[in-house]
Amino acid sequence: MLFIEDLWALLCLEGLGTKARNFSDSIFQTILEPMANTSCGGTELETCRDETESLVLKFIAIVSILIAGVVGIAIPLVGRNSRFLRTDSNLFVTAKAFAAGVILATGFVHMLSAGSKALNDPCLPEYPWSNFPFAGFFAMTASLLTLLVDFVGTQYYERKQGLARGTEEIVRVGSADAGLESGISPAGEGKEYNGKVFGEEEGGGMHIVGMHAHAAHHRHSHPHGQDACDGHRRDSSHGHGHSHGFDDADGEEDAGVRHVVVSQILELGIVSHSVIIGLSLGVSQSPCTIRPLIAALSFHQFFEGFALGGCISQAQFNNLSVTLMACFFAITTPAGIGIGIAIASVYNPNSAGALVTEGILDSMSAGILVYMALVDLIAADFLSKRMSCNFRLQVVSYFMLFLGAGLMSLLAIWA
């Protein structure tokens, strides 16, 4: 009720300037507070405090988590050239569904709850941290910002790719003109073609909404229901999809652009909270806390690496970019542990500044991961024609989705 009264006072313009100033000053003062050791929450269980044993366990954690991360992200990247783990195989689709469940559970169960716990810690001043659900607010803000970045990033890559595609279009038009001169008319001559596909903007760019509209237009020009599925299976059995002239090439390029943007944003969301996880383990001096975290975080890193590796493999980066992204992911958590070891003597994770920083980063990471899991991983595959036309694939994919989410949620008992 106190918060509602304060809000009502703000709406009624009673002391608007003073309250707004006090609100912002309180937030920034807490964030900028030194993160050195303080009395608040700074004492671990003395019965389980052993700095020597903790240091040994931290080095074990670095090695274990590094190996788990490398193996997790390498499986889909190395296997993309094999017959079973190709990005267009059913096995890859089901594995990606499992990874999507892992990412979703990481956002909801691990990151959002950790952010809420940090921002509601008793060590923080009651005003304003106990008077507003900041964790949900920061997660929502991060989701909307991710949508904006997703949109802008897709437009940027589409426009960049459109410039390179312009030369190919000129060559195609030249070839078509040559064919007309020789008396050969190209396919679809009776249809008017203005050089753009449905949803494409002037200048060659196609934004996210336009791409979905293009997909809808593409579906509307073909049979629906069972006939569409029969056609899909019939074409697949011949080793190729539908042949639609310009549309197929554009669709594949649009999908490639989406995978590029998705993989980069997903890595940003995963890496940002990996630093916090590693830092929290690195500053701990309790073997009782570190032991269960080693196994839990190793599985955590493996699952996330598998999800990220699947997205990177679909983006079809060059080998140098793939290596850099994989290495950056793999070393983030071990690097966070190393930083935690270095600053353990002066850093108190229970100080107000550390709690607010951790809470904000965890909450924003949750928003990014939830958006990526629902929009770019789950919706993109589960609402596809391929999934709707294959009942067995639907059943296995849903099972793997729930299995991934369940196993990752279970890890919250230890981490």
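Of the 31 residues of helix H12, 24 are buried, so H12 is largely enclosed by the rest of the structure. Buried means under 20% relative accessible area, with a 1.4 Å probe and protein chains only; exposed means over 50%, and partly exposed lies in between. A helix here is a DSSP run of H or I with at least four residues, and a strand is a run of E with at least two; both are numbered from the N terminus.

This is a predicted model, in which local features need pLDDT of at least 70 and side-chain atom pairs count only at pLDDT 80 or more, while totals for chains, interfaces and linings use all residues. Residues are numbered from 1 along each chain as its sequence is written, and side-chain values use heavy atoms, leaving out hydrogens and water.

Stay with H12 for a moment. This helix covers residues 352-382. From first C-alpha to last, H12 reaches 43 Å, close to the 45 Å expected at 1.5 Å a residue. The expected span is 1.5 Å times one less than the number of residues. H12 also bends, by about 30 degrees at alanine 373. A bend is the angle between two fitted axes, one for the seven residues ending at that residue and one for the seven starting there.

Now step back to the whole chain. It has 14 helices and 0 strands. Of its 415 residues, 42% count as buried. The chain exposes about 21800 Å², and carbon and sulfur atoms supply 67% of that area. Such areas come from the Shrake-Rupley method with a 1.4 Å probe; for residues, only the protein chains shown count as cover. Next, take the contacts with a separation of 6 or more: residues 24 or more positions apart account for 85% of them. Contact means heavy atoms within 4.5 Å.

In the model, residues 132-153 are 91% helix, and their end C-alpha atoms lie 32 Å apart. Residues 395-414 are 80% helix, with end C-alpha atoms 30 Å apart.

Next comes helix H3. It has 29 residues and reaches 42 Å, close to the 42 Å expected. Aspartate 50 caps its N-terminal end: a side-chain oxygen lies 3.2 Å from the backbone nitrogen of threonine 52. Further along, H3 has a kink of about 25 degrees at isoleucine 73, shortly before proline 76.

Serine 54 sits in H3, which spans residues 51-79. At 0% relative accessibility, serine 54 counts as buried. Beyond its neighbours within four places in sequence, serine 54 is in contact with residues including Ser284, Pro287 and Ile290. Serine 54 and isoleucine 290 are 236 residues apart in sequence, but 7.2 Å apart in space, C-alpha to C-alpha. A polar atom of the serine 54 side chain also lies 2.9 Å from the backbone oxygen of glutamine 285.

Another serine, serine 313, is in helix H10, residues 287-315. Serine 313 is buried, with a relative accessible area of 3%. Its side chain reaches the backbone oxygen of glycine 310 at 2.7 Å.

One last detail is a peptide bond. Most peptide bonds are trans. A cis peptide bond joins tyrosine 127 and proline 128, with omega about 5 degrees. Proline 128 lies in helix H5, residues 126-129.

Conventions:
Polar contact = N/O pair within 3.5 Å; in protein donor to acceptor, adjacent residues only side chain to side chain.
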